[in-house]
Amino acid sequence: AAMAARCRLAARFHHIHGTNIRLDASHTQATRVESFANGLCFSQEPLAPGQIFLVEIEEKELGWCGHLRVGLTAHDPQSLEVVPEYSLPDLVNMGDTWVFAITRNHNRVVVEGEEAQPRGRPWEPFLLIERVRIPRDTLVGRSRPSRYSHILDDLYKMNVLPATARRSRIGVLYAPQPDGTADMHIVINGEDMGPSARGLPAARPLYAVIDVFASTKSVRVIPVDYGFPSLQTLCRLVIQKHIVHRLAIDGLDLPPLLKSYCQHE
């Protein structure tokens, strides 16, 4: 309960940010309004151990190379004389910062000719990262159904969008270790990428870093409740597990609102 309350309060961007970033009134949406750089953002508060800072890609911009960058920093944004132009390498070169560029292949999306690798059971309601248990449904980005939905159905049933796509959800957290350090984990559409960095100073405040870089133009913070999945969520997971493709949901004898919820958020 304490974690859930903290996450709802902390699901905002810090008022300190890059010069090309504009925040909405709620400080939950960050949009880069010019160029491809100076898009650095931070979480409003330091993260608690196991607390995920989750964003959804809302808007892309063609013509740039590169995508969203995500990580953690021990620098208090308030203490920065100038917000660096880039997270990589500028902020990282200041030390005590761990940032990784997100690429399409982070999701290990199978390309033509490759053999699919086992991914576990995507309908399990929780993602487990060491001792941290996070409701998976909130972590998953979903495309909206359309006349070409069948093309994406295999990805949809596996709860996967390409990591850099619109509506993809990407989060970062740290998991404390017995030696007093922490491992940083990046989560993409409900899948843990494993420890992206080790040896972080768990005793120091660690802020999330979100760099709205290049082809990523706008992101929104998604609050995460660390409680039990709702009955509505569990129904959706069961329905998605058994349907052939999303358009088949239209033919089910279900209330319209539940159909819409099962197809997309």
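Predicted model: local features only at pLDDT ≥ 70, side-chain atom pairs only at ≥ 80, totals over all residues.
**Entry 1**

A reminder to myself: side chains of opposite charge can pair when their charged atoms come close.

The protein chain has a mean pLDDT of 83, and 78% of its residues reach 70 or more. Residues 108-112 fall below 50, and beyond near neighbours in sequence I find 9 contacts for this stretch in the model. Residues 114-120 also stay under 50, with 8 contacts beyond four places in sequence. I'm leaving both stretches out of my reading.

**Entry 1: the other salt bridges**

How many salt bridges are there by this rule? The count comes to 6. I went through some of them.

Arg220 and Asp24 meet through their side chains at 3.5 Å, N to O. Arg220 lies in strand E13 and Asp24 in the loop between strand E1 (21-23) and E2, so the bridge ties together parts 196 residues apart in sequence. I noted Arg220 as partly exposed because its relative accessible area is 25%, and Asp24 as partly exposed too, at 21% relative accessibility.

Next I took Arg32 and Glu61, whose side chains form a salt bridge of 2.9 Å, N to O. Arg32 is in strand E2 and Glu61 in the loop between strand E4 (53-60) and E5, so the two parts being tied are 29 residues apart in sequence. Is Arg32 buried or exposed? Arg32 counts as buried, at 0% relative accessibility. Glu61 is partly exposed, with a relative accessible area of 25%.

**Entry 2: the aromatic rings**

I found 5 aromatic pairs in the structure. In one of them, the rings of Phe36 and Tyr86 have centres 6.4 Å apart and planes at 35 degrees, so I call the pair tilted. The pair links distant parts of the chain, with Phe36 in the loop between strand E2 (29-32) and strand E3 (40-42), and Tyr86 in the loop between strand E5 (69-73) and helix H2 (87-93), 50 residues apart.

Tyr86 also pairs with Phe213, edge-to-face this time, at 6.1 Å centre to centre and 75 degrees between the planes. Phe213 is in the loop between strand E12 (207-211) and strand E13 (216-221), 127 residues from Tyr86. On accessibility, Phe36 is partly exposed at 28%, whereas Phe213 is buried at 8%. Putting the rings together, Phe36, Trp64, Tyr86 and Phe213 form one aromatic cluster.

**Entry 3: charges over rings**

What sits over the ring of Phe213? I found the charged end of Arg69 there, 3.8 Å from the ring centre. Elsewhere, Arg133 lies over the face of Phe126, at 4.0 Å from the ring centre.

**Entry 4: a hairpin**

Last, I followed strand E10 (residues 181-188) and strand E11 (residues 191-201), which run antiparallel and are joined by 6 bridges. Thr181 has Pro201 as its bridge partner in E11. The hairpin has 2 residues between the strands, and Asn189 takes a positive phi near 50 degrees.

Technical notes: Residues numbered from 1 in each chain as written. Heavy atoms only, no water. Pairing = 2+ DSSP bridges. Helix = DSSP H or I, 4+ residues; strand = E, 2+ residues; numbered from the N terminus. Phe/Tyr/Trp six-rings, centres within 6.5 Å; stacked < 30°, edge-to-face > 60°. Buried < 20%, exposed > 50% of the residue type's maximum accessible area, 1.4 Å probe, protein only. Lys NZ or Arg CZ within 6 Å of the ring centre and 35° of its normal. pLDDT = per-residue confidence, 0-100. Contact = heavy atoms within 4.5 Å. Salt bridge = Lys/Arg side-chain N within 4 Å of Asp/Glu carboxyl O.
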